[in-house]
Amino acid sequence: MEQSKSEYVKDGNLVSEIDGTWQTVTKDNEGNAHIHTLHKHSVKTRPLPPDVGEKTFVSRAAPTKISPTRRKRPQRHDELTLVMGDAQIGFRGVEAFHDETAMSMAQIAVRELMPDRIVFVGDMLDLASMSRFEQRNDWANSTQASIDRYHSFLAQTRANAPNAEIVAISGNHEMRMDKYIRKDAAELLGLRRANAEKELAVLTLRYLVRMDELGIQNIDGYPNAAYWLNDNLKATHGTNVAKGGSNAAKYLKEADTGTLYGHTHRVETAYRTFATRAGYKTIVAASPGALARITGHVPGFHYSVDDQGRTVPKAEDWQQGLLLVEHSDTNEHVTPVMFHGDTMSLFGKRYAA
Ligand SMILES: [Mn+2]
């Protein structure tokens, strides 16, 4: 028997084609032997083993499996929007900037409340190795892991809220990649695969973390990127960084509509009531706090590393949490939920991560 085998990669699969030739003998009624030559051509297709080829080899990535929750969405008078952000997903070696416990609490809230909408108010990624600030060697090679973690967090969110509208607004950190490329390699911005004008540019976070595949709307373009919950309330990453709970007051002065903002890593809520031609109007400014670690592990102004290369812990004046926003066309009611370590209270019920 003669056999030839060829293997090649097609559409992310390993294809094995086997050509075989062999002979058989049969005898007819007279007892004469006849030799027959048989051919067999078989094609077998199987997924590429994970260790085949370079990581940069062009093959399709395994799809993220989403098992949507079967919980029923509760009946509500107003719409419920969960607002959260500032996870600062990133790594210094194996040490994370983001807080897995806080991120789990966020997922518990999504699963338990089944909101109509979830708005991420930016800085979900840190992208420290692309920042214009001084670099550290141990931030290098962390971008892929960060993109993978952000994607899995978004996929988890989608699984926990299969029917919710999910919106991700870019913060200053999400703009780092764009700036980083623009500085020395602007020609790469906007590049698409050949003959694919309708595809997303490859070097966009929206493409890299697969937002479209998860049905997540990306609002890009910090600092003006914003999402309006109704005519009176917008969510945006924000630019104010005052200490001590005074950012809310700044936002209330800046506009005559309400603002839900991130960036400060603080849980804040404040209201302002003023006269209008139609009567009195009350607006709100609120911040959900961070999903990042609040113990000095996020690179920034206060960040320090000792001579062993370890982050020196520090209590940042930050809090972790999220905002529950109940709203209609004309009303909005904001409930801040601050995380106490690994516990939180949602509408009077206690949860632990
Ligand atoms: Mn920010």
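Biologist: Are Trp139 and Tyr303 buried or exposed?

Modeller: Buried means a relative accessible area under 20%, exposed means over 50%, and partly exposed lies in between (1.4 Å probe, protein chains only). Both Trp139 and Tyr303 are buried. The model is predicted, so local features need pLDDT of at least 70, side-chain atom pairs count only at pLDDT 80 or more, and totals for chains, interfaces and linings use all residues. Residues are numbered from 1 along each chain as its sequence is written, and side-chain values use heavy atoms, with hydrogens and water left out.

Biologist: What kind of aromatic pair do Trp139 and Tyr303 form?

Modeller: A pair of aromatic rings is described by the distance of the centres and the angle of the planes. Rings of Phe, Tyr and Trp (its six-membered ring) pair if their centres lie within 6.5 Å; planes under 30 degrees apart count as stacked, over 60 as edge-to-face and the rest as tilted. The count here comes to three aromatic pairs. In the pair of Trp139 and Tyr303, the centres are 6.0 Å apart with 45° between the planes, and the pair is tilted. This pair links distant parts of the chain, 164 residues apart: Trp139 is in the loop between β7 and α2, and Tyr303 in the loop between β14 (279-288) and β15. Such helices (H or I, at least four residues) and strands (E, at least two) are DSSP runs, numbered from the N terminus.

Biologist: Which residues touch the most other members of the largest nonpolar core?

Modeller: A nonpolar core is a set of buried Ala, Val, Leu, Ile, Met, Phe, Trp, Tyr and Cys residues joined through side-chain atoms within 4.5 Å. The largest one has 43 residues, and those that touch the most other members are Leu82, Met84, Ile118, Phe120, Tyr150, Leu291 and Met344. Elements giving two or more residues to this core include β4 (79-84), α1 (100-113) and β17 (343-346). The largest share, eight residues, comes from α1. Apart from this core lies another, of 17 residues, among them Val83, Val121, Leu233 and Val284.

Biologist: Which residues coordinate the manganese ion?

Modeller: Donors are N, O and S atoms within 2.8 Å of the metal (3.2 Å for Na, K and Ca); water is not among the atoms, so sites may look incomplete. Asp123 (OD), Asn172 (OD1), His237 (NE2) and His263 (ND1) coordinate the manganese ion at 1.9 to 2.3 Å. Along the chain, the donors follow the spacing D-x48-N-x64-H-x25-H. Asn172, in the loop between β8 and α3, and His237, in the loop between β11 and α5, are 65 residues apart. Asn172 counts as partly exposed because its relative accessibility is 23%, whereas His237, at 0%, counts as buried.

Biologist: Where is Asn240 placed, and which residues does Asn240 contact?

Modeller: Asn240 is in the loop between β11 (233-236) and α5 (247-254). Its relative accessible area is 9%, so Asn240 is buried. Contact means heavy atoms within 4.5 Å. Leaving aside neighbours within four places in sequence, Asn240 is in contact with Asn247, Lys250, Tyr251, Glu254, His263 and Thr264. A polar contact is a pair of N or O atoms within 3.5 Å; within protein, one must be able to donate a hydrogen and the other to accept it, and residues adjacent in sequence count only if both atoms are side-chain atoms. The side chains of Asn240 and Glu254 are joined by a polar contact of 3.2 Å.
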